Amino acid sequence: MLQGGTYALAAFGLSLIFCITEVLNITHGEFLMLGGLVTYILFAVTGLNPFLILLIVIPLFILIGLLIKGIH
């Protein structure tokens, strides 16, 4: 159920980006996996609740996305 929800959110985000900008964002999946990996590593190192770690990872990836968008 959780994995299906993750796939649904990824597909929703990809279709939303494509419909609005009419550009296929091929890095969407890579950022999803990188965010999961960073969350897991922080969980393994700190032992904190993964949902609390998401409060750190989500703003971090928003900033990374803004920086990458600003570069292009």
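User: Where is the place of V23?

Analyst: This is a predicted model, in which local features need pLDDT of at least 70, side-chain atom pairs count only at pLDDT 80 or more, and totals for chains, interfaces and linings use all residues. Residues are numbered from 1 along each chain as its sequence is written, and side-chain values use heavy atoms, with hydrogens and water left out. Helices are DSSP runs (H or I, at least four residues) numbered from the N terminus. On that basis V23 is in the loop between helix 1 and helix 2.

User: Which residues does V23 touch, not counting residues up to four places away in sequence?

Analyst: Contact means heavy atoms within 4.5 Å. With residues up to four places away in sequence not counted, V23 touches I17 and F18.

User: How far apart in space are V23 and N49, C-alpha to C-alpha?

Analyst: In sequence, V23 and N49 are 26 residues apart. In space, the C-alpha to C-alpha distance between V23 and N49 is 36 Å.

User: What span should helix 1 have, and how far apart are its end C-alpha atoms?

Analyst: The expected span of a helix is 1.5 Å times one less than its number of residues. Helix 1 (residues 2-21) has 20 residues, so it should span 28 Å. This agrees with the distance between its end C-alpha atoms, 29 Å.

User: Which residues form the aromatic pair?

Analyst: Rings of Phe, Tyr and Trp (its six-membered ring) pair if their centres lie within 6.5 Å; planes under 30 degrees apart count as stacked, over 60 as edge-to-face and the rest as tilted. The structure holds 1 aromatic pair. At 6.3 Å centre to centre and 85° between the planes, the pair is edge-to-face, and its members are F31 and F61.

User: Why does this pair tie together parts that are 30 residues apart in sequence?

Analyst: The two residues sit in separate elements, because F31 lies in helix 2 (residues 28-46) and F61 in helix 3 (residues 50-71).

User: Is F61 buried or exposed?

Analyst: Buried means under 20% relative accessible area, exposed over 50%, partly exposed in between (1.4 Å probe, protein chains only). F31, at 30%, is partly exposed. F61 has a relative accessible area of 16%, so F61 is buried.
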